[in-house]
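Here is a short briefing to read alongside the model. Keep the viewer open and follow the topics one by one.

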Amino acid sequence: MNLLPKSHKEFRETEYWNRFFKQRGKNNFEWYGEYLELAELLHKYVKPTDEVLMVGCGNSSLSASLYDVGIRKVTNIDISEVVIKQMKNLHRSQRPDMEFLQMDATQMTFEDGKFSVILDKGTLDALMTDGSAETLAIVQKYWAEVARTLRLGGRYICISLLQQHILEAIVPHFAEENFMLRVNRCHEAEQKSAENSKDGTAMPVFMVIATKFKPMPKKILEVSLSVDIGQIQRVESEQELTEAIRSAQKAAMVVSGLHRLSIADHNEVSLDLYRPGDQIPRYTIFVLDQKGPFGTGKYACFIVPQGREGEWLFFTPEGRRRLLENVKYNRLAIVTMHRQQKYLSWDDVKDELSASVQNLAPADLKSNEMIPYLHNPFLITRQIRLDNFATPSLTSATCPWLP
């Protein structure tokens with residue numbers, strides 16, 4: 001059964017979605033995760049007292065899940081009359097208060113300020129298939145309707161892949177329209193998508209929360225890319241926010257490749273980890289593979305003590321390769337800290353690195369396997385012949401960035 005459009009522009013056409021939902025029947029289709037993977041983040045911004053509009057609802061079960069946990073004022077709209085009829089029939093008896101209306105999100109008929117939350121899960125991505133002037137004009141009409149029907153203090157919650165043309169449009173638009181803007185990365189939704197994919201990979205999913213305010217003296221722009229959703233960082237400009245998202249997406253491409261493939265026959269891969277707004281990397285991670293198996297294990301992380309990153313063993317590709325051979329792991333992530341940065345403790349460093357180190361694990365590492373952290377270079381270097389240190393130590397290093 002072929003459910004994909006012939007052209008990406010068909011995603012904007014009513015006829016395509018009518019055909020799509022007729023073919024799928026009662027099989028629901030979820031873009032970018034289901035309720036369980038999104039719930040922790042969603043319930044930071046959606047409360048039982050909210051009046052919620054779900055745009056482009058399709059046959060997603062998300063609004064039904066919100067209804068079942070006590071959010072009863074939920075209105076669903078979709079351009080497809082076929083799916084609206086299906087959803088009315090499906091929910092009529094168990095969820096009688098939930099509304100389903102056939103409506104174009106770019107021409108809504110609701111009164112001004114009706115909703116406190118407008119929820120968009122994949123609708124923007126379906127509308128904004130490219131960055132052309134024609135497409136942007138359609139999206140601008142949609143966002144104008146969002147702003148009109150959203151009450152003051154209300155939240156537009158958009159779950160999206162934030163492809164480059166979307167990212168470069170949504171951030172400046174809502175920043176200029178006096179919305180507080182926060183972008184969260186949806187790690188649980190990504191993990192679930194990876195588990196369901198054939199090769200164990202998934203594209204990064206983001207939740208954009210744009211909160212409507214009166215004109216403010218200063219733009220409020222925030223980002224949370226950590227697994228810990230409480231770690232929110234404020235940035236000074238739209239460019240910093242956009243760069244933080246783009247860096248996360250580039251890193252995800254590298255992570256995807258490392259998850260699927262061994263680089264034992266290739267050079268190492270390096271990644272710089274930045275905190276949003278920082279000009280200096282927080283950490284640099286070098287990933288190396290060698291053919292095994294070894295009794296020691298499949299994967300480990302070696303953290304170079306701050307101040308020793310300029311030594312031959314850690315600074316040069318040859319030294320890092322020797323370190324890999326000596327510790328006898330199939331994959332080794334070697335982490336260097338930067339002298340201009342401050343680190344509170346060993347445990348804090350491990351906590352900061354935890355998500356990134358886990359993301360760089362090979363596909364054959366089981367979910368219940370522990371990743372050992374190594375950090376005592378004396379115990380390792382004493383086993384390596386002294387003639388390997390003929391190259392003088394360097395006092396500083398510039399580590400390469402591979403997108």
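Thr-284 has Thr-336 in S13 as its bridge partner. The model is predicted: local features need pLDDT of at least 70, side-chain atom pairs count only at pLDDT 80 or more, and totals for chains, interfaces and linings use all residues. Residues are numbered from 1 along each chain as its sequence is written, and side-chain values use heavy atoms, leaving out hydrogens and water.

**The sheet**
- Strand S11 (residues 283–289) and strand S13 (residues 329–337) pair in the antiparallel sense over seven bridges; strands (DSSP runs of E, at least two residues) and helices (H or I, at least four) are numbered from the N terminus, and two strands pair if DSSP finds at least two bridges between them.
- Both belong to an open sheet of five strands with mixed pairing, in the order S10-S11-S13-S12-S14.
- The edge strands, S10 (269–273) and S14 (373–374), each pair on one side only.

**Aromatic pairs**
- Seven aromatic pairs are counted, where rings of Phe, Tyr and Trp (its six-membered ring) pair if their centres lie within 6.5 Å, and planes under 30 degrees apart count as stacked, over 60 as edge-to-face and the rest as tilted.
- Tyr-142 and Tyr-156 are edge-to-face, at 6.2 Å centre to centre with 80° between the planes.
- Tyr-142 sits in helix H6 (residues 133–149) and Tyr-156 in strand S5 (residues 150–160), 14 residues apart.
- Trp-143 and Phe-174 also form an edge-to-face pair, at 5.3 Å and 65°.
- Ring pairs link Tyr-142, Trp-143, Tyr-156, Phe-174 and Phe-179 into a cluster.
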